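Please read the numbered points alongside the sequence and coordinates.

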Amino acid sequence: GRKMTTAELRDNLLTFIVAGHETTALTLSWALYLCAFDPEVQARAQAEAKARELYQADPKRFEAPERVQARHILIIPTGDREAARKEATEVRKLAAAPGADFEALVLKYSDDPAKAASLGNLGYITRDSVVESFGKAAFALKPGQVSEVVESPHGFHVIRVDAHAPAGVRPFEEVKPMLIGQAKQQVLLDARRREVEAVLKEASYDPAAGKALVRPPAAGQTPR
């Protein structure tokens, strides 16, 4: 059927508020908001500014220990552990060669089941978020360097570090996607609240109007 206009939604919302039908009024208020605004446009326009406000209000919330952004190629032993170590050593030579395409080597050699999506990227890690041998090797590297073969309970790793972040407050750009997600929800809720409050200012409760909206039960039915 035909979609209701904003004016029609407001009229219906006022009617149900006056009649005391709170549940229906709440549903209509959300429909009115969706009709009157493009919530995604509203959110995008305001979310980044709101996100920056959240960041600046409590920077200590975003303190982080020293971290490195690491990728790895994982060779998992399937029987002969020394054979797996030898394979990892050969892969390491390829990865350390000038101009090596580390991501291509990940796809070709790594046994990590997530390699197709991650290309070996583990994101930012801390010393405590990985096994000791992996962390010790990764934090000894400078950005762009490739480790020697590292043994862990998971198998044999060839690690490349892409970036190093010292301990301190994480920069806004790093936490921006997370904060924008939080801010968009707040922007949408605030906009909905303002619209409902504006309609409520025009409403007054009328018991007679409420009774008029209630359909009398059919013959033989029990009123609810």
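1. Two strands are taken to pair if DSSP finds at least two bridges between them. Strands (E, at least two residues) and helices (H or I, at least four) are DSSP runs, numbered from the N terminus. On this basis, Val 150 stands opposite His 157 in strand 5.

2. This is a predicted model, in which local features need pLDDT of at least 70 and side-chain atom pairs count only at pLDDT 80 or more, whereas totals for chains, interfaces and linings use all residues. Residues are numbered from 1 along each chain as its sequence is written, and side-chain values use heavy atoms, with hydrogens and water left out.

3. The sheet is open and consists of four strands in the order 3-2-5-4, with antiparallel pairing. Its edges are strand 3 and strand 4 (150–152), each of which pairs on one side only. On average, neighbouring strands are turned by 40° against each other, direction ignored; axes are lines fitted to C-alpha atoms, for helices over the stretch in contact, and angles run from 0 to 180 degrees between N-to-C directions.

4. Strand 2 (residues 67–75) is joined to strand 5 (residues 155–165) by nine bridges, and to strand 3 (residues 121–125) by three. Both pairings are antiparallel. Gln 69 takes part in each of them: its bridge partner is Ala 163 in strand 5 and Tyr 124 in strand 3. Strand 4 is likewise antiparallel to strand 5, with three bridges between them.

5. Why may strand 2 be described as largely enclosed by the rest of the structure? Eight of its nine residues are buried, so the description holds. Buried denotes under 20% relative accessible area, exposed over 50%, and partly exposed the range in between (1.4 Å probe, protein chains only).

6. Helix 4 (residues 81–96) lies across strand 2, strand 4 and strand 5, and runs at about 35° to strand 5. Contact here means heavy atoms within 4.5 Å.

7. Arg 71 belongs to strand 2 and counts as buried because its relative accessibility is 13%. Its side chain makes polar contacts with the side chains of Glu 103, at 3.3 Å, and Asp 162, at 3.0 Å. A polar contact is a pair of N or O atoms within 3.5 Å; within protein, one must be able to donate a hydrogen and the other to accept it, and residues adjacent in sequence count only if both atoms are side-chain atoms. Leaving aside neighbours within four places in sequence, the residues in contact with Arg 71 include Phe 102, Ser 118, Leu 122, Val 158 and Arg 160.
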